[in-house]
Amino acid sequence: MDNEGMNKRAKRISSSPSVSSMVGNDGDDDRILKLPDTLILHILSFLPTEEVVRTCILSKRWKLIWYSVPTIFFSNNVNLSSTMDTAKLMEWEHGLEKFYNYVDKYLEHRKKAENKVTEMYLCIGQAYITGHHFMGPFYCIPKINARYLTILELNWVQLDASHFNFPSLKTLSMETVKNSDIVEHGEAFKFLLGCPSLEKLQVQNYFFLRSDEMALRLQSLSLKFLELKDTVYDELQVEAINLESLVLCGSSVHNINLSACKKIRNLSFYDTSYHCKPSLNALISQIPLLENLTLVTKEKYKDHVKISVNN
């Protein structure tokens with residue numbers, strides 16, 4: 001998973017001028033004073049949420065405008081050089097709990113106001129130093145009222161399925177997440193029940209706290225694209241009747257059941273075992289509309305096979 005939304009947002013933020021540079025020191029020199037609120041909200045949607053909140057001190061007009069910004073973006077991940085790792089890492093660790101509290105308060109404020117948040121990006125809890133990867137405690141997402149949300153990207157968070165209620169959500173990306181409670185049979189993907197319109201799901205490093213050895217079930221009537229990367233399971237049963245594309249990375253062909261997914265046209269396996277041919281043949285036989293098959297093995301010679309079938 002490449003976190004496309006977060007990467008694109010980071011590029012836009014780095015190339016965008018700060019709000020303070022857009023507003024002159026003299027009130028008469030305010031270059032955005034005459035802009036309509038809709039355009040100001042669009043500009044603010046490309047900034048980190050912490051910077052957006054700071055705009056409330058600019059003027060009376062700006063005092064509550066941050067409540068209406070349609071995008072929420074929090075990132076506390078840092079990249080540190082080896083020459084400054086110790087001090088910066090300690091600073092990061094001490095400030096992590098404070099940052100989590102800040103995020104909680106912000107989400108609580110947004111919940112109180114009628115708003116139309118359409119995109120949310122939470123990428124928090126990790127620090128990267130050359131050759132090392134440090135991780136803080138998982139951030140537990142509180143219950144969020146976001147019926148207009150269409151894009152949600154989560155990194156290093158803890159999930160509570162009962163808090164998932166996103167009726168308009170189209171795209172969900174989750175990297176390094178875990179469940180808040182022990183997962184019973186069929187409940188690992190229970191959060192999908194709160195996403196009836198979801199079309200694209202990307203999952204990487206989903207930590208299942210399993211209480212049994214039964215098959216995990218992924219059920220969705222709306223899902224069209226599914227990617228699972230480095231997500232360990234004993235057996236996975238995918239029940240997504242409208243699924244068209246499936247990408248599996250680091251997963252075994254032997255323990256996945258796609259018998260309910262008759263509409264799959266694109267199927268990709270990355271870093272799978274070369275000794276999966278019998279299981280792969282059986283799997284393909286369940287998919288009558290398959291057009292493209294990509295198979296990249298993890299063995300010594302790194303075989304890469306792509307097959308296209310034209311009906």
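This is a predicted model: local features need pLDDT of at least 70, side-chain atom pairs count only at pLDDT 80 or more; totals for chains, interfaces and linings use all residues.
Residues are numbered from 1 along each chain as its sequence is written, and side-chain values use heavy atoms, with hydrogens and water left out.

**Overall make-up**

- The protein has six helices and 17 strands, where helices (H or I, at least four residues) and strands (E, at least two) are DSSP runs numbered from the N terminus.
- Of the 311 residues in the protein, 43% are buried, a term that means under 20% relative accessible area, with exposed meaning over 50% and partly exposed in between (1.4 Å probe, protein chains only).
- Among the contacts in the protein with a separation of 6 or more, 56% come from residues 24 or more positions apart, a contact being heavy atoms within 4.5 Å.

**Aromatic pairs**

- A search of the whole structure finds 13 aromatic pairs; rings of Phe, Tyr and Trp (its six-membered ring) pair if their centres lie within 6.5 Å, and planes under 30 degrees apart count as stacked, over 60 as edge-to-face and the rest as tilted.
- One of these pairs joins Phe164 and Phe166, whose ring centres are 5.1 Å apart and whose planes stand at 70°, so the pair is edge-to-face; both Phe164 and Phe166 are buried.
- Phe191 and Tyr206 have ring centres 6.2 Å apart and planes at 55°, so this pair is tilted.
- Because Phe191 lies in the loop between β8 (171-179) and β9 (200-207) while Tyr206 belongs to strand β9, the pair ties together parts that are 15 residues apart in sequence.
- Phe191 is buried at a relative accessible area of 2%, and Tyr206 is buried at 3%.

**The cluster and Trp66**

- One aromatic cluster is formed by Trp66, Tyr67, Phe74, Phe99, Tyr102 and Tyr106.
- Trp66 is found in the loop between α4 (49-54) and β1 (71-75), and with a relative accessibility of 8% Trp66 counts as buried.
- Leaving aside residues up to four places away in sequence, Trp66 touches Val52, Val53, Cys56, Tyr106, His109 and Arg110.
- Trp66 and Ser45 are 21 residues apart along the chain, and their C-alpha atoms are separated by 9.5 Å.

**Lysines over rings**

- Lys116 lies over the face of Tyr148, at 5.2 Å from the ring centre, the criterion being that NZ of Lys or CZ of Arg is within 6 Å of the ring centre and within 35 degrees of the ring normal.
- Lys200 lies over the face of Phe225, at 5.4 Å from the ring centre, and Phe225 in β11 is also the bridge partner of Lys200.

**Strand pairing**

- Strands β8 and β9 pair in the parallel sense over seven bridges, two strands being paired if DSSP finds at least two bridges between them; the bridge partner of Thr171 in β9 is Lys200.
- Strand β9 is joined to strand β11 (residues 225-229) by five bridges, and the two run parallel.
- An open sheet is formed by three strands in the order β10-β12-β14, with parallel pairing; its edge strands are β10 (216-219) and β14 (256-257), each of which pairs on one side only.
- Four bridges join β10 to strand β12 (residues 236-239), and Gln219 has Glu239 as its bridge partner in β12.
- Two bridges hold the parallel pairing of β12 and β14, where the partner of Gln237 in β14 is Asn257.

**Helix α3**

- The buried residues of helix α3 (residues 37-44) are Ile40, Leu41 and Leu44.
- These three cover an arc of only 100° around the axis, which puts them on the same side of α3; the arc is that of the directions from the helix axis to the C-beta atoms.
- An α-helix has 3.6 residues a turn, so residues three or four places apart point the same way.
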